[in-house]
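Open the model and keep the sequence beside it.

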Amino acid sequence: MSALSAVLPLAAAPLVEPVASGAQLITAALVAIALIVVLITVAKVHPFLALTFGAITVGALAGQNVLPDADGLGVLTSFGSGFGATASGVGILIGLGAMFAKLLADSGGADQIVDTIVGHASPRTLPWAMALVGAIIGLPMFFEIGLVLLMPVIYLVARRAQVSLITVGIPALAGLSAMHGLVPPHPGPLTAIGYLGADLGVTLAMGVLVAIPTVIVSGPLFGRIAGRWVDVPAPHTFDADREADAQRPSFAVTMFSVLLPVVLMLGKALVDIFIDDSTQTFRQVFDLLGTPLVALLIAVVVAMFTLGRGAGMDRARVSKTLEGSLPAIAGIILIVAAGGGFKQVLVDTGIGTLLADWAADKNISVLLLAWVLAVLIRLATGSATVATITASSLMIGLVDGLSTGETSLVVLAVGAGSVFFSHVNDAGFWLVKEYFGLSVGQTLKTWSLMETILSVTGLVFVLLLGIVV
């Protein structure tokens with residue numbers, strides 16, 4: 001899942017022509033993915049290096065030049081482009097999010113949220129509460145931002161409730177991921193709506209109907225099982241550096257601080273939907289304030305006062321907290337950026353286009369075809385955004401003659417397919433692995449399986465709605 005999908009043009013996405021035969025591209029991708037897994041799990045190579053070797057491998061085996069040619073094209077160029085784009089987008093957001101998260105922890109704000117959640121929820125209902133929080137935070141926010149903001153809360157809830165980090169973390173991740181794929185005004189569904197000419201209101205209503213049971217199945221219900229498979233304690237990345245009885249901000253002030261970037265980004269999305277004139281000052285102001293980087297930057301500055309000074313921290317203490325937030329996420333940024341580079345090399349080989357063409361030749365229902373297209377491209381490229389754009393573009397000619405409701409269901413089918421089985425070519429996979437302190441195998445058994453359940457459950461409910469629409 002990429003945070004670089006903030007603003008997507010509502011026009012057909014260009015497709016990359018395959019650079020080699022189908023067999024060669026499939027072989028290249030499989031060998032590269034296997035190499036990454038072996039390097040990390042067997043050779044114990046750092047994921048950053050493994051992803052870099054994997055990117056070079058897939059490009060070379062696909063027949064691309066490793067070094068840039070006369071036109072500046074090559075495997076290293078593609079990797080550098082994807083690495084740089086991810087680092088400049090996701091990396092900056094992770095850095096700002098980590099600052100906010102550390103302020104939230106050190107000020108006692110995270111403790112305040114945990115005390116409130118734990119105080120009003122039994123151990124059986126905690127996963128449900130976390131799923132709701134994840135869904136609310138994930139509605140207007142990118143997955144990476146929502147995850148970073150929620151991590152201190154997830155850690156503390158798991159520790160206070162004395163349950164596996166997976167038991168409360170998976171429901172929160174399910175809420176975040178479902179919003180990413182199914183519910184506008186998130187950029188993914190909005191892009192598909194624009195491509196296919198679907199009705200926003202109808203898609204929003206149907207998206208909520210599909211998302212609610214989908215989150216329940218893939219979140220609290222699966223989280224309970226996954227927590228037994230993988231029982232990991234909460235890591236100490238965001239442990240608060242404060243006295244147990246120190247002053248802390250109120251619950252209301254804490255929630256205001258946490259929801260501020262959410263409100264800013266949601267406000268931008270709503271203004272973009274309902275105000276067409278881009279020259280209006282009102283819209284321009286919201287476009288600026290709701291940009292993820294600006295929204296998080298504002299949130300950090302505000303949190304310095306509402307959380308930091310609100311907890312009695314002086315300027316030196318606030319500065320120390322902000323500085324202390326960055327070392328812990330330096331490795332994460334490198335891994336996530338390398339994942340973006342690997343994804344870009346896959347995209348530039350044209351394997352996503354190849355798989356989409358294969359699926360388009362099959363005689364299956366429009367809804368199932370939309371889901372399959374998104375799934376294949378997602379598996380090949382690791383990008384939900386690329387899967388949404390490409391699958392929606394390929395479906396444009398197939399929605400002619402469909403009713404308003406049926407077109408909205410095609411949008412949701414694409415969205416459900418775009419989050420299928422996150423694995424080693426997805427930057428989100430590495431983000432979850434590092435934040436949760438999991439091995440590759442544990443990440444596959446929890447996060448990747450949750451994404452698969454979410455995707456398949458979403459498709460099932462889309463097909464059920466298709467019976468009555």
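What follows is a short tour in running paragraphs. The model is predicted.

How much area do domain 1 and domain 2 bury between them? The value is about 1900 Å², and 82% of it falls on carbon and sulfur atoms. On the domain 1 side, L25, F48 and L51 lose the most area to domain 2. Together these three account for 26% of what that side buries. How many salt bridges cross the interface of domain 1 and domain 2? The rule finds zero there.

Salt bridges do occur in the model. A search of the whole structure finds six. In general, side chains of opposite charge can pair when their charged atoms come close. Take D106 and K102 as one case: their side chains meet in a salt bridge, with an N to O distance of 3.7 Å. Why are these two about one helical turn apart? Because they sit four residues apart in helix α3, which covers residues 75-106. D106 has 3% relative accessibility, so it counts as buried. K102 is buried too, at a relative accessible area of 12%. The cut-off for buried is under 20%.

D106 has another partner. The side chains of R317 and D106 meet in a salt bridge at 3.8 Å, N to O. This pair links distant parts of the chain: R317 belongs to helix α13 (residues 315-324), D106 to helix α3, and 211 residues separate them. Is R317 buried or partly exposed? R317 is partly exposed, because its relative accessible area is 21%. Put together, K102, D106 and R317 are linked in a network of salt bridges.

Now move to another pair. D426 forms a salt bridge with R378, and the closest N and O atoms are 3.3 Å apart. Here too the pair links distant parts of the chain. D426 lies in the loop between α18 (404-417) and α19 (427-436), while R378 lies in helix α16 (residues 366-381). They are 48 residues apart. D426 is buried, with a relative accessible area of 1%. R378 also counts as buried, at 1% relative accessibility.

Finish at the surface. V456, V460, L464, I467, V468 and V469 form a nonpolar patch there. Together they have about 530 Å² of accessible area. Look at V469, one of the patch residues. V469 counts as partly exposed because its relative accessibility is 35%. A patch residue needs over 30% relative accessible area, so V469, at 35%, passes that cut-off.

V469 also has partners elsewhere in the sequence. Leaving out residues up to four places away, V469 touches M206, S403, G405, E406 and L409. Take L409 from that list. The C-alpha atoms of V469 and L409 are separated by 9.0 Å, although the two residues are 60 residues apart along the chain.

How values were computed
Residues are numbered from 1 along each chain as its sequence is written. This is a predicted model: local features need pLDDT of at least 70, side-chain atom pairs count only at pLDDT 80 or more; totals for chains, interfaces and linings use all residues. Side-chain values use heavy atoms; hydrogens and water are left out. Patches are made of residues with over 30% relative accessible area and no salt bridge: like charges are joined within 9 Å, nonpolar side chains (Val, Leu, Ile, Met, Phe, Trp, Tyr) within 5 Å. Accessible areas come from the Shrake-Rupley method with a 1.4 Å probe; for residues, only the protein chains shown count as cover. A salt bridge is a side-chain nitrogen of Lys or Arg within 4 Å of a carboxyl oxygen of Asp or Glu. Buried means under 20% relative accessible area, exposed over 50%, partly exposed in between (1.4 Å probe, protein chains only). Buried area is the accessible area (1.4 Å probe) that two parts lose on being put together, summed over both. Contact means heavy atoms within 4.5 Å.
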